[in-house]
Amino acid sequence: MQIGMYVMAVVYIGAGIFHFVKPKMYRNIIPPYFPKKLLLVYLSGVAEIAFGAGLLLDETRAISAWLIILMLLAFMPVHIYMLQSEKFKHLPRWILIIRLPLQLILMYWAFLYT
């Protein structure tokens, strides 16, 4: 179970860093009704890095795991928007569909460390 926690930490830290490497990609998937998209991209990147790093410390692991669960819930509108929007017709529909239950699996994975 310990290896899974380290894998999760690396995944979130890496994903968070990627928000700063490719911010335009993330900005483009944020629904139009969200303001200050670039700020949201950077804040979510910082959150992913911080929560991923928090998994590595015994003292912060549980709270980081709960915050990851909340963050994944907060990301759900993005996945729903991508599934419903014509803007993403170029992506295979099955990928857009599978991302929704994948979020639940990721939430369960994080819950294991609470």
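The model is predicted, so local features need pLDDT of at least 70 and side-chain atom pairs count only at pLDDT 80 or more, while totals for chains, interfaces and linings use all residues. Residues are numbered from 1 along each chain as its sequence is written, and side-chain values use heavy atoms, with hydrogens and water left out.

The chain holds five helices and zero strands (DSSP runs numbered from the N terminus, with helices being H or I of at least four residues and strands E of at least two). The C-alpha trace spans about 45 × 30 × 20 Å along its principal axes. Buried residues account for 37% of the 114 residues; buried means under 20% relative accessible area, exposed over 50% and partly exposed in between, with a 1.4 Å probe and protein chains only.

Turning to the largest pocket, about 670 Å³ of space lies within. A pocket is an open set of points on a 1 Å grid over the protein atoms alone, where a 1.4 Å probe fits, with protein on both sides within 12 Å along at least five of seven lines; lining residues have an atom within 4 Å of a point. Its volume is the space filled by probe spheres set on the points, which are joined across faces, edges and corners. Of the 25 lining residues, H19, Y26, I29, F75 and H79 are the closest to the centre. Helix α4 gives the most to this lining, with six residues.

I97 sits in helix α5 (residues 93-111) and is partly exposed, at 42% relative accessible area. I97 and H79 lie 18 residues apart in sequence and 8.5 Å apart in space, C-alpha to C-alpha.
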